[in-house]
Amino acid sequence: MRLSILHTTTYRFDAPAAYGLQQLRLTPKSHNGQNVVEWEMRVDGAKVETAFMDQNQNRVSLVSLDPDAHEVRLVCEGVVETDDIAGVIGKHGGFAPLWYFQRSTELTQAGNRVRALVAGLAEEQAEDVARLHALSARILEAVPYEIGRTGAETSAEDAIAEGAGVCQDHTHIFLSAARALGHPARYVSGYLMMNDRVHQDASHAWAEAHVSGLGWVGFDVSNGISPDPRYVRVATGLDYAEAAPISGLHYGAEGEAMAVDIQVAQQ
């Protein structure tokens with residue numbers, strides 16, 4: 001499948017920021033099942049200071065805001081070809097060792113609620129992939145998809161307690177539970193071509209767990225499937241904080257407003 005992507009993020013300030021620095025993880029890479037044909041990033045109201053690969057082999061651009069900018073616009077545009085690999089990315093590679101992805105974070109710490117979700121799974125499903133799909137189904141049943149109930153700082157335990165969440169929450173719960181089952185697991189941020197619309201107001205998130213004999217395998221809890229050719233991987237990490245498309249800080253800005261428009265369509 002050949003996917004065309006246009007991702008625009010606009011910040012507007014009533015008064016310009018005195019200083020601002022942002023990390024952008026907005027550049028996908030070619031790998032098993034995904035070939036980046038072309039990709040361009042444009043920045044207005046800011047400048048790219050440097051670019052580097054982080055510990056997860058994400059391509060990161062470090063951007064400083066212009067001191068007199070009332071508006072900052074980040075535009076990413078490109079074409080990515082994808083294949084159907086049933087969500088199997090394959091063997092582990094990169095700077096971070098495999099054991100790194102068994103670590104808990106504040107967003108993925110397993111408590112009593114996560115442990116209750118995984119209770120009995122090992123006995124019910126002897127095969128790893130089937131067990132992880134069963135886990136995904138349990139999470140979606142316990143935490144139906146609903147916007148507006150959680151935020152960027154909501155942990156896996158808190159999302160279960162809330163009883164509702166979005167793809168970020170589903171992914172954090174899956175990571176916490178998969179690690180409790182003994183699987184290294186990581187957060188994936190990227191794009192998903194929707195069947196009913198082109199325009200979206202946020203990127204998508206899903207999980208990958210490492211399975212013996214297969215390597216990394218993707219699980220999209222929110223949609224109850226493993227990623228197919230409609231998915232484009234951009235960044236990975238221990239949780240959202242390590243794979244966020246945009247993160248950073250600024251000082252002095254007043255009245256900040258942010259707008260995101262993402263268009264994903266099949267060419």
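1. How do the residues of the lining of the largest cavity divide into nonpolar, polar and charged? They divide into seven nonpolar, six polar and four charged, where Ala, Val, Leu, Ile, Met, Phe, Trp, Tyr, Cys and Pro count as nonpolar, Asp, Glu, Lys and Arg as charged, and the others, Gly among them, as polar. This is a predicted model, in which local features need pLDDT of at least 70 and side-chain atom pairs count only at pLDDT 80 or more, while totals for chains, interfaces and linings use all residues. Residues are numbered from 1 along each chain as its sequence is written, and side-chain values use heavy atoms, with hydrogens and water left out.

2. On the overall fold, the protein chain has six helices and 14 strands, which are DSSP runs numbered from the N terminus (helices H or I of at least four residues, strands E of at least two). A compact globule of 267 residues would have a radius of gyration near 18 Å, and the 19 Å of the protein chain agrees with this; the radius is taken over C-alpha atoms, and the globule rule is 2.2 Å times the number of residues to the power 0.38. The C-alpha trace spans about 60 × 40 × 40 Å along its principal axes.

3. Of the 267 residues in the protein chain, 51% are buried, a class that means under 20% relative accessible area, as against exposed at over 50% and partly exposed in between (1.4 Å probe, protein chains only). Among the contacts with a separation of 6 or more, 75% join residues 24 or more positions apart, contact being defined as heavy atoms within 4.5 Å.

4. A search of the whole structure finds three cavities of 30 Å³ or more. On a 1 Å grid over the protein atoms alone, a cavity is a set of points where a 1.4 Å probe fits but cannot get out, whereas a pocket is an open set with protein on both sides within 12 Å along at least five of seven lines, and lining residues have an atom within 4 Å of a point. Grid points are joined across faces, edges and corners, and a volume is the space filled by probe spheres set on the points.

5. The largest cavity has a volume of about 150 Å³, and of the 17 residues that line it, Ile85, Ile89, Pro227, Asp228 and Tyr231 are the closest to its centre. The elements giving two or more residues to this lining are E10 and E12. The second largest cavity holds about 60 Å³ and is lined by Tyr11, Phe13, Gln22, Leu24, Val63, Leu65, Val72, Leu74 and His250; strands E2 (19-27), E5 (59-65) and E6 (71-82) each supply at least two residues of that lining, which divides into seven nonpolar, two polar and no charged residues.

6. At 1.5 Å a residue, the 14 residues of H5 (residues 167-180) should span 20 Å, and the end C-alpha atoms are 20 Å apart, which agrees; the expected span is 1.5 Å times one less than the number of residues. In H5, 13 of the 14 residues are buried, and the helix is followed by glycine 182, whose phi is positive, near 100°.

7. The second largest pocket holds about 360 Å³, and of the 23 residues that line this pocket, the closest to its centre are Lys29, Asn56, Gln57, Arg186 and Arg233. Strand E12 (residues 231-237) gives the most to the lining, with four residues, and the lining divides into seven nonpolar, 12 polar and four charged residues.

8. Two backbone angles deserve a check. Most residues other than glycine have a negative phi. Glutamine 57, however, has a positive phi near 65°; this residue sits in the loop between strand E4 (46-53) and E5, and counts as partly exposed because its relative accessibility is 26%. Alanine 86, likewise not a glycine, has a positive phi of about 55° and lies in the loop between E6 and strand E7 (88-90).
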